[in-house]
Amino acid sequence: QVQVVESGGGLVQPGGSLRLSCVTSGTFYSIIDGAWYRQTPTNSRELVATIGISGITNYADAVKGRFAISTDSAKNTVYLQMNNLKSDDTATYYCYVRVLSGDYWGQGTQVTVSS
């Protein structure tokens, strides 16, 4: 079994920064793909950023230039560095990982951008 746990969310003022972490544990060899999604109460879940085992990254247009996704394979962790946060970034952020045994999601971490 594989467990995925996010952390790092919280309340931040517009223009501020946060770093989300996604720790994957359990029985697996390595993370093949990692991604961050976000969802608000009124919107469907949307893709924020992805990273492949090769290190290639992709970003939603709304976060390009402000967010950065990365991984630490030794720690089995996927990060999302979020800079210059805006009120529109307020959402629950979910981590997704793909390993050989399947796809797994975390429980979500709340990010609120407000003055």
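A salt bridge is a side-chain nitrogen of Lys or Arg within 4 Å of a carboxyl oxygen of Asp or Glu. The model in the viewer is predicted: local features need pLDDT of at least 70, side-chain atom pairs count only at pLDDT 80 or more, and totals for chains, interfaces and linings use all residues. Residues are numbered from 1 along each chain as its sequence is written, and side-chain values use heavy atoms, with hydrogens and water left out.

**Stop 1: the salt bridges**

Select Asp89 and Arg66, whose side chains meet in a salt bridge (2.8 Å, N to O). Asp89 lies in the loop between β8 and β9, and Arg66 in the loop between β6 (57–59) and β7, 23 residues apart. Strands (E, at least two residues) are DSSP runs, numbered from the N terminus. Asp89 is buried, with a relative accessible area of 2%; Arg66 is also buried, at 10%. Here buried means under 20% relative accessible area, exposed over 50%, and partly exposed in between (1.4 Å probe, protein chains only).

Arg38 is buried at 8%, whereas Glu46 is partly exposed at 39%. Arg38, Glu46, Arg66 and Asp89 are linked in a network of salt bridges.

Next, select Asp33 and Arg98, whose closest N and O atoms are 2.4 Å apart in a salt bridge. Asp33 lies in strand β4 (residues 33–39) and Arg98 in strand β9, so the pair ties together parts that are 65 residues apart in sequence.

**Stop 2: a four-stranded sheet**

Display β1, β3, β8 and β7, which form an open sheet in the order β1-β3-β8-β7 with antiparallel pairing. Two strands pair if DSSP finds at least two bridges between them. β1 and β7 stand at the edges with a single partner strand each, so one side of each is left without a neighbour in the sheet.

**Stop 3: the nonpolar core**

A nonpolar core is a set of buried Ala, Val, Leu, Ile, Met, Phe, Trp, Tyr and Cys residues joined through side-chain atoms within 4.5 Å. The largest one holds 27 residues, and Trp36, Val48, Phe67, Leu80, Met82, Tyr93 and Val97 touch the most other members. The largest share of this core, five residues, comes from β9.

Finally, centre on Tyr93. Leaving aside neighbours within four places in sequence, the contacts (heavy atoms within 4.5 Å) of Tyr93 include Leu20, Trp36, Arg38, Phe67 and Val111.
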